Structure formats: structure tokens, C-alpha cells
Amino acid sequence: MGDWKTVAVPVLSSDSKNIFQYTSEKKISPPNMNAQVLRLPLPSSKSMHSFFSAFCTEENIEQSISYLNRELTTLGFPSIYAESKGKELNLISIINCMNELLVLQHKNLRAQEEVEMQHLKLGSDMDHLQNCYAKLKEQLELSKREIVGLQERDRQLQSKNRNLHQLLKNEKDEVQKLQNIISSRATQYNHDMKRKEREYNKLKERLHQLVMNKKDKKIAMEVLNYVGRADGKRGAWRTDKTEARNEEQMYKVLLNDYEQRQKQLLLENAELKKVLQQMKKEIISLLPPQKQKPKERCEDGPVLSDLEEDIGEFNKENMWELSCETVREQLTNSIRKQWRMLKNHVEKLDNQVSRVHSGALNDKDVISREDHELETEKLELEIQQCKEMIKTQQQLLQQQLMSPCDDDTTLLLQDCYLLEERERLQEEWRLFQEQKKNFEKERRSFTEAAIRLGLERKAFEEDRGAWLKQQFLSMSTDYKHSENVTTPSAFIGTSDQDNRLVNSMSQQRKPHCKLSGPVSAESCQTSQYISQNSSNAALKKPAGDSMPNQWEESDKEETE
Amino acid sequence: MDFSELFKLSGLLGRFSPDGKCLASCVQYRLIIRDVNTLQILQLYTCLDQIQYIEWSSDSLFILCAMYKRGIVQVWSLEQPDWHCKIDEGSAGLVASCWSPDGRHILNTTEFHLRITVWSLCTKSVSYIKYPKACQQGIAFTKDGRYMAVAERRDCKDFVSLFVCSNWQLLRHFDTETQDLFGIEWAPNGCILAVWDTCLEYKILLYSLDGRLLSTYQAYEWSLGIKSIAWSPSSQFLAIGSYDEKIVYKEVEKSPSVETERFSFPPTRALASSVFSTQSKYDISQVPVSFQYIKPVADRANPKMGIGMLAFSPDNCFLATRNDNIPNAVWIWDIQKLKLFVVLEQLCAIQSFQWDPRQPRLAVCTGNSKVYLWSPAGCVSVQVPTEGDFQIVSLCWHPSGDSMALLSKDNFCVCYLEREEVK
């Protein structure tokens, strides 16, 4: 709102100047308005005199009194005369009227103040609203200008787009035109070519006729003596039989070819089926068995049983219909299923490994430890209870012992009872000791189990790490292997050849060693075997086997 | 590696006999037969004119010498040096001459491809094949020598005739769906014939031995077409090199939309390449390597672009190619992995390369006096020890893979390679 300043307010009465003075003096110290009203600075005597003498003088006292009376009566105040007609003044009423007038004056002043304040407030509000209005107007202007700019850009882009479309259409039309031109030219050229060729043929015919007609004696063959046929047989006449035989021969050749190809394909098929079967078995062996993982039981259960059925079925059918379509489909489908399961399994293992690596606790251990702790607590409670029981029994015993003995018989009896009790107690003690020992053993075994769990967990982690490393290595060796095949193609340095010789020889000597080094054909092949689910797996092996032989041969050749 | 001394040669006519015992070479009008191991002259024959073409018969008993200018073919026997045979085509002229697979018939193509005359050395019979097609590879024999395919053209249409070589009986005659047949080639198994179209049309057709159309492959509609093809030794795959520097490696049995592998020649990327330096050594350079790329002149016919040479290794492991746009490099592809295996970059343009008939060993020559050998184990460049200039332009292997003949314009020498012991 801000400081509101009092504004000069127009005053009602005729003596505006003086009352204006009043109000102006109020501006000086706003806080104590009422006090200020009372603490009016009294004007000087002279001004007071002038003030008072302006209205009433010694001459017009009665007139001024009657005027005052009239005014006051019109305002509602009681008359200041003592009686209705008379010249005596009622002092009390005058004082009352004066008081009333003062009160009225105070009220009016307060009202005036309030009005002034409100006025100020409204003024500032209006200022504020005007400012806001101005700002919003500016913003509106800005946004309008922006809109106009964006619209302009949009229009430009659209026109560009249209131009590009047009260009594209033009280009396409041109291309179409050129193609049409090409095709029409091609037909024209063909036509021309054919015409020329016919002419040429005619010339050739003519020439041929001339050549034949001349019966050139020169066209002849001079041979010293005729040579025997290559196969030593005598020449045969060309008859229908020979023609038929030739046809037969031709078809035989074709059939032979097809049969050979079919044989090859059958062999290939059989090999591939064997490979698939083997793969299937290996995948099944890799997958987790049904017992260990209860979670996967519901998933694996029906499928594994299916697989076992499949294997059984397939082994049976293997003997009869190798190329049956349904069997083939079954086999491929089952392999696909198992491959998916294997993938899922590997992914789960990966997740587990990642969890272990990230340091999160295995849920298993936590549970088992908790169980272990619960058990130990239970055992401790039992031990305590037993101890208490023993204590109470001991107390009872002592009481019994402490109690005075009356008679011999009672003594005896008591003795007997004591004996019995003692024996019982001894037995119980023995039992308790045994139980204690058992509890101790169990506790020890539990701790050992916990230790073992920890160790196993570590071992499992290490295994995972090793397996991942191996996987990574095999992938990289695959890569390396392909690189190694290409780079030696241009090497002629002897040292490298020697290395390769040694390498290939080492490969041949250790066929069973799987991790014989980074460049190991065997491991590459096995990884190819497993990782590549392609039909070329079986075929690649012979090629791969032949490669080192070649290397060896050529190495030897160049080193000699 | 041993090198023989240089001997004279003309016309790049140096051929080993199929049994590997002799080497035939021509010097102008003389035919010299040498023993392969000692290079001693066994026989010397004199022909009537400058010899343009020689060919051994399949049993290595006879050798024919063709003289195109005079239209004469002379046949010499190795068993009986006195035996002689002369075939005169007279006014018909001679354009090409070749043996039949049994080694007892000679097929002469007369001038203007008027006809093919089949002369028999056993009988007096003569056969004619009319309307042969005037193309690069118009006659093709199967590997076992039983059948012959001849490309013909009648009435502006292409035909293929299949003959039985034993009695020249016409077995099949069928038309091909080509615009202008460019070449025919049998598959090594002798059951499939590949027929491909002119370079303006990319089309290759595969026909079976009994004349049925097995499959068609057409890569593009309006581009330039096939430049060279090569059958894999197993007859299962076909490598098609085209003018747009791509190789299509296609399995014959499958339909073309499935399983065709395209090898393109990346101009800046290579797996491992060897750069030949002046000290006659191969270096391995790191990828990426940029090659010297020649942009052919666009307004001339027969542009030097595309895959001009394709060859499979005999063990069906590698495919060696040359892109005519990058004539300094031989690209060797590993077919079993369908990847680029190695690139050999030479200093000069490659003139020819040939695989060893027994093992995956590639010999390359680039027109200088060095011969380059590559095998998967490594590669080596060998300088031929000669005095004077010896620019090797062509080479051919001995059938056993033990030696090879290096031919230049005027001379040749024989290079003996050490035999590897097979364990």
C-alpha cells in the first residue's frame, strides 16, 4: 500500500481557511489523532481575537446570539435562550450545545480521517492495478509480436516444404521420363539390330552358298594315316538305337547327379540331426535339475517331462523314420524351448552374480542365520529352564534334608524317598547333562554349518567369476581367432611362422585340453559349437581341422 | 623356387600337356616340345605359317597348330614324329579351332562364323554345324567330355544345341530367352549349363542337361550386365561378376530371391591388404586403405569397369576377383564365411592370375619380372633371375601344381616350386 499521505479534503463550512489550518496541522504527527485533536495549538491571542471578532462584535451580540440560536435549533440542538422568547441565555444549554458541537466536531474529524485513509488506500490500489495493467499490456504486445513472427516462420517453412515436394515430384517425373526414353531407345536399337542382323545373315547365306558351290578342292584334310579312336573301339553307325542309347545315357548322367546330391543332403541331414540331438542333451544337462529349485519346478516340470518323453520318443522313432516331418519339427521345437530355458537360466545366474557382486546379502544366508539364532535362543531358554528346575529341586532337597527327622521309620521312609528322589534326580541330572551335551553339539554344528555356508558362498562367487571370465575369454578368443586367420596371410617372417608351427603342433598334441591358451582351435570350436546354433557347426569342424594342416604344410614349405 | 632360363616364345603360346610330361611352345612357325623337368627339346615341328593357336589333345598324344591367316590346321603326333595331318579350310577361312574331348576330332570355326566343321582323325567323315553364334564362348564341353554345347543364332534368336561327343548326335536343341547370348559354360558336374546375355542385359539362365530351363537370374532392369562368371568346383554356387563392380554369389538350387550374396567392392575398406613396395616385399597395411580407382571413359564402348576376372580356388574355399576399376588389386574372398579375406594390392596393373590346380595357391603377374604367389599362409613375391627385360604377361600352371610357365611377349621361363610333403 505504501505510505498514504493525507490529502487536502474540501471542508464544508464557510470558514474554510481556519478549518483548513486545523486539518493541515494534523498532517504533521499522524499517530495520535485524538490527542492531536485535543492538543490543538492555540492560536495567539491576536489571532484568537481576530478569529472571534470576525463573527461577533460588540455591536451585533444579540444578532449573533439569535443567529446562533437559529442555527443550533435547526441542527436539532435545544435553544440557548432560557425561555422561548427572552433575552436571557441559558448557560447550561449553551455549554451543552458547545459540548455537543465539540463532540460532533470530533466525530466529523474522525470520519474525515477515515475517509481520507480509504481514499489513499483506493488511490494506491488503483496505482497498482494500473501498473499491472500496463505490464500485462506490454506482455500481450510481446506475445502478439511473437505469434506473428512464428506464423511468419511457419509460413516460410511450409512454402519451403511445398517447394521441396515440388522438386521431388519434378525429379521423379524426370526419372520416369528418362526411363521411358531408355526403354523406347532400347526397343529402337533392338529393332535396328535385328534388321542389320537379317541383312548380315543374308550375306552369310550368300557367302556360304558361294563357298559350297565352289567345291574348293582345297577344303580337304590330308592325313598320313587315320588314327585309331581314343578308346580303341571301332566307329559305329549312327542309328536310332544309338540315339536312344545316348538319350538314356544323358538321363543316367542327370539321375546320377541328382542321386549324388540327394545322398549328400541325406548325409548332411543325418549329421545335423545328430548335432541337434547332442545339443539337446547337453542343454538338458546344463539346465538345473528339478529337485534343487522349487521355484522353477512348476515351469520346468511339464517341460522337462515333455523333454524326457521327447527323447524317448525320438530315440524310438530314430530307428524308423529319420526324415519324418513331424519328428523334425518336434526336435527343432524342443531344442528351441530348451535353448530358451537355458538362456533364462543363464540370465538368472547372471542376476545372482550381479547381486552377489554388488554386496547385497543373499536372502538364503540371512534366513538361515536367523533360523540358527532362533534355534540357539530356544536352546538357551531350555537350558535356563532346566537350570531353574534343578535349582528348585535342589532347594527342595535341602529343605527336605534340613527338616528335622521324627522317627526312624519316617527317617527311613524319608531316606527311601530321598534315595528315590536322589536317584531320580541323578537320572534327571544325567539326562540333563546329555541334553546339554547334545545342545552343545548342535550349537557347534550350527556354527560349523554357518561357517560352511559362508565358505560355500565364497566358492560359488569364485566359480561364477571364473565362468564369466571363461565366457568372456572364449568370446574374445573367437574374435581373436578370426583375426589370427587373416593376419598371417601376409607374414613371411620366420619367427612368426615358428610360433605358429609350435602353436598348431601343440594343438595337435593336446586335443583334450580345453584352455590351452588364447588361440586354441579346440576351445573356439567348442564355443562355436555351443554358442552358435547354426547348422554349419558340424560342417565347420572339418574345415577347421584342415586349416592347421595347411598352415603346417605351407610353413614347412617356406622355411625350407 | 627354381627358375629355368629364358626361352623364346611368340604369341603367348606356351602350354603344358594334360598329362604333365611335356611343354609345348611356339616360336613363329616352329613348334617346340620340351620335357617338363629337364626342358630338353623332345620334338621340333615346323608349320607352314605363323602359328596363332596351339592345343594339346586330351590324351597328350597330339597337338594342333592353327594358322588363321592361311586357314590351315596342322596336327602333330608325339608318338610318331613322322605322322602329319593338315586341314585346309581354303576359302572358308578359319577363325577358331579346338579339339573335341576325345582327342580325335577337330572343330574348326570358319570365317564370319559361317559354320563349324568337325573333322575326324579316325574316319573320313566330316560334320557341319550351321549357324554358330559369333560370341566369346560359343562352344563348351562338359568336364567329362561327353557332351558339347554350341550356341547358335537363327532368325535373330539364340539357340543352344547339345551334342553327344561320341558320335556327334544332336541331343537337344532349344532356344534361350536371351537378347544376345554372350557366353555359355558348363558346371563342373556336367549337368547344368549357364547361359548369359550381352552386357546390355543382366540375365543369366541355367539349363539342365536335358534342355529344361532350371532358373533365371536377373539382377537389374536397365543397368549394364554380366562381365564374367565362374562356377564353384562343387557346382553348387555360381559367382557372377557384373559391370557395376558387384559379384553375385548365388546358390544354384535356390530361387534367386533367397540366399544370394552380393559382394561389393568397397573402395576404401579392406580387411587386410598387402602393398607391394619397391624392395619386393609385401607389407600389411591397416584398414582403411584407399585404392587407385580408375573411372572409365563414359562415351566409349566396352568400358574398363566391372569384374573382369573371377576364379575359384580348387578346394572351393576362395574366390579371386579383379575389379577392372581397381586394376592393381586382387580381391580374395573367403567363400565359406562369405567375407573378404585379403586384398593384394600391387604397384602395377594385374595382367593375369591363376589358381594352382591342386591347392589354394594363387599366382599373380603384373607385367614386370616378378611373380607373386599367395596362399592362406602368406604371400611372397619372387624376382625372376634373368638378364634383360622379362615382362610377365601371362602364366599357366602345370597340372600337378609343381611348376608353372611364365610367359612374356617374347620369352618364357618355367618356375619350379618345391613340393610340399603331405602328411
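1. A residue is called buried under 20% relative accessible area, exposed over 50%, and partly exposed in between. At 43%, A:Glu380 is therefore partly exposed. The model is predicted.

2. A:Glu380 forms a salt bridge with A:Arg443, with an N to O distance of 3.2 Å. A:Arg443 belongs to helix H10 (residues 408–486) and A:Glu380 to helix H9 (residues 363–402) of chain A, so the pair ties together parts that are 63 residues apart in sequence. A:Arg443 is also partly exposed, because its relative accessibility is 33%.

3. Another salt bridge in chain A joins A:Glu248 and A:Lys252, whose closest N and O atoms are 3.9 Å apart. How far apart are A:Glu248 and A:Lys252 in helix H6? They are separated by 4 residues, which means about one helical turn of helix H6 (residues 240–286). A:Glu248 has a relative accessibility of 46% and counts as partly exposed. The corresponding value for A:Lys252 is 44%, and this residue is partly exposed as well. With a cut-off of 4 Å between nitrogen and carboxyl oxygen, the count over all chains comes to 20 salt bridges.

4. In chain B, the side chains of B:Asp158 and B:Lys133 meet in a salt bridge at 2.9 Å, N to O. The pair links distant parts of the chain, 25 residues apart: B:Asp158 sits in strand S17 (residues 157–164), and B:Lys133 in the loop between strand S14 (126–130) and strand S15 (139–141). Are B:Asp158 and B:Lys133 buried or exposed? B:Asp158 is buried, with a relative accessible area of 0%. B:Lys133 also counts as buried, at 6%.

5. The B:Asp158 and B:Lys133 pair should be read together with its neighbours in the salt-bridge network. That network links A:Glu197, B:Lys133, B:Arg153, B:Asp158 and B:Asp180. Its members therefore come from both chain A and chain B, given that a salt bridge is defined by side-chain atoms of Lys or Arg and Asp or Glu within 4 Å. In general, side chains of opposite charge can pair when their charged atoms come close.

6. Two surface patches on chain A deserve a comment. A:Arg336, A:Lys337, A:Arg340 and A:Lys343 form a positive patch. One of these residues, A:Arg340, is placed in helix H8 (residues 325–357). A nonpolar patch of about 270 Å² is made by A:Phe55, A:Tyr67 and A:Leu68. A:Phe55 lies in helix H3 (residues 45–55) and is partly exposed because its relative accessibility is 40%.

7. Chain B has 39 strands and 0 helices. Of its 423 residues, 61% are buried. Among contacts between residues at least 6 apart in sequence, 41% join residues at least 24 apart. The chain exposes about 16800 Å², and carbon and sulfur atoms supply 49% of that area.

8. Which residues does B:Ser242 touch, not counting residues up to four places away in sequence? They are B:Tyr202, B:Gly225, B:Ile226, B:Lys227, B:Gly306 and B:Ile307. B:Ser242 is located in strand S24 (residues 237–242) of chain B. With a relative accessible area of 1%, B:Ser242 is buried.

Note on methods: Residues numbered from 1 in each chain as written. Chains lettered and ligands numbered in written order. Predicted model: local features only at pLDDT ≥ 70, side-chain atom pairs only at ≥ 80, totals over all residues. Heavy atoms only, no water. Patch = residues over 30% accessible without salt bridge, like charges linked within 9 Å, V, L, I, M, F, W, Y side chains within 5 Å. Areas by Shrake-Rupley, 256 points an atom, 1.4 Å probe, with all protein chains shown as cover. Lys, Arg positive; Asp, Glu negative; His and termini not counted. Charge placed at Lys NZ, Arg CZ, Asp CG, Glu CD. Helix = DSSP H or I, 4+ residues; strand = E, 2+ residues; numbered from the N terminus. Buried < 20%, exposed > 50% of the residue type's maximum accessible area, 1.4 Å probe, protein only. Contact = heavy atoms within 4.5 Å.
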